[in-house]
Amino acid sequence: MTKNYIVTNGKVYTQNEEQPWAEAFAVRDGKFACIGTNEEVAAFAKEAGISYGDAKPIDAGGKFIMPALIDSHTHVGLSVMLSGDDEEDDSFPMYDCQSKAEVLQKLKDMVKAHPFRPYYAMFFGKLEGLQGEKLTRDDLDKIVRFRPVILMEEECHCVWLNSGALKIMRIKEDVEDIAPGYSYYERDENGRLTGHMTEMTMMPILKMSGDVSKKEMRKGVLKIMNYLVEHGVTTIYDAGNYFKEDWTYSIFHELDKNGELPVRVEGTHVICHPDMVDGAVEEFKKLKAKYETENIRFKTMKMMLDGTQRIHTACMTQPYNDTGTCGGTLIPKERLKSFLAELNEEGIDFHVHTVGGGAVRMVQDIVEELKARPEGFNIIVTCAHNELVDEVDLKRFATLGVVANFTPSWNGGACEAKLPERIRLIGEPRVYQTLRTRTVWDTGALVTFSSDEVETNKLRNWNPFMGMEIAMTRQEPILISDDLDPEDDRNFSGRNAEVFPAADEIMTLTEMLQGYTINNAKANRLDDRLGTIEKGKEADFIVLADNPFETDVYELHNMVVDATVRKGEVINGKL
């Protein structure tokens, strides 16, 4: 398809405040050249003397057209490494266990089915599936002692090892915690390792993970990226592949070189261990020098500053209800402050995992202190997740210019424990102060949206329209009947699902579309190129089968994208 053409008779939602709506636009050399009425665009083409294909405009037939979407926190490569994409691969099967006994039985079944495997590794579901029971290496040793067993919970923030795994990974009884309260080795009353480890104590496992073939990695990456394109996404921020960055970006780079990379990639270097802070800038520069292309850029550093509420590693300002602890952070405040000052000098933006209010406050305090310096502070800082932020800090995103990145699909409670478990963890008052997307938006902060999924077998969680629906209802679409196909999203509905508190935190469609387009573009320094249908910007746009403003909110997750266009070229569907 030529990169020069006219689209007429559309309902064009531009995201440009100066020209919110239009009915036609011209694309020249892959960029928007004119936006307006049918007559204005036709006159432009005639006056410019440009040949638009065969001079026949493309009639949109009244369909809804908008800027292509941007996903500002993804884990494409990591998802393939953790979940794989080979249907016959049994190294990381997914289970949704509901008791300790079931976890152990699944392990027994796995060993029986594959008696000669050199190791056994699997996800078993959410932590609360253990029903409060302790799972230890001794439990696992009764099934397999000498060969490694690795059990990981669904959030990928903690793991259980048997004695064989501890031995092969050279984790001894006198091993020191990496970051107290955040990344530690659980011990029993006698000081003996239980086999349960949190956060970056899993580093040896992460270094060993990703043991997939190049063929499988490539297949999985394209599976996810093409799914994103089919749902209107043309640009992603890659939020980290931990110790497999070279491996991941080599795949992306090869795909791009061969003209097969479906999306633009904003790359990163992720810091997930205190020892990685020194030298992080140099590692970032190496990735940039080695893999940067027109479609793969490196502008942002990533850090895992805290963990999750479920395992008490998210850093809180007030103690957890059940343990009296407050979690912790990867590095202390002063070290983070000096690191952000270094990033500022280098002009490298910062994207940071902050689930708890204590981590959010630490980042906000540092930004405030650095902005007060004579030399100023000019990089973009994004706090991702922001599950439980204290009331006094909610408005500081706006006043300090810190970007608030949310994962909308969590707003229905899918990422959280059930209500009784959440009350046990953080107490009833704080349960109703979780994921306050609406409140932060209303402060005038730059709010952005993303998928943050780490599985290849739950592609619906990568669907931005699914995220939009959940943020607008605070309800999770669930399978209507066990008799229906769970692979068909049309069989899911959130209409009768439980509303995740607080109900007054729901968002509007206008806000969600803004967050997925121009806001995400601004947060990634792409707003001079993307995010709006505007003269001079790259012609990234999507054509929807239905007008989302006229669609039942509970059907948004089924939205069909008729065409996804990047730089003026159709990369999915048909114009």
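Buried, as used here, means under 20% relative accessible area, whereas exposed means over 50% and partly exposed lies in between, with a 1.4 Å probe and protein chains only. The model is predicted, so that local features need pLDDT of at least 70 and side-chain atom pairs count only at pLDDT 80 or more, while totals for chains, interfaces and linings use all residues. Residues are numbered from 1 along each chain as its sequence is written, and side-chain values use heavy atoms, with hydrogens and water left out.

Most residues other than glycine have a negative phi, and most peptide bonds are trans. Arg-474, which is not glycine, has a positive phi near 55°, and this residue is buried at 0% relative accessibility. Arg-474 sits in the loop between helix H17 (464-473) and strand S21 (478-479), where helices (H or I, at least four residues) and strands (E, at least two) are DSSP runs numbered from the N terminus. Asn-386, also not a glycine, has a positive phi of about 50°; Asn-386 belongs to strand S18 (residues 381-388) and is buried, with a relative accessible area of 2%.

The peptide bond that leads from Pro-501 to Ala-502 is cis, its omega being near 0°, and Ala-502 is placed in the loop between strand S22 (492-493) and helix H18 (509-523).

Another loop, between strand S14 (233-238) and helix H8 (245-257), holds Asn-241, which counts as buried at 1% relative accessibility. Beyond its neighbours within four places in sequence, Asn-241 is in contact (heavy atoms within 4.5 Å) with residues including Gly-77, Leu-78 and Val-270.
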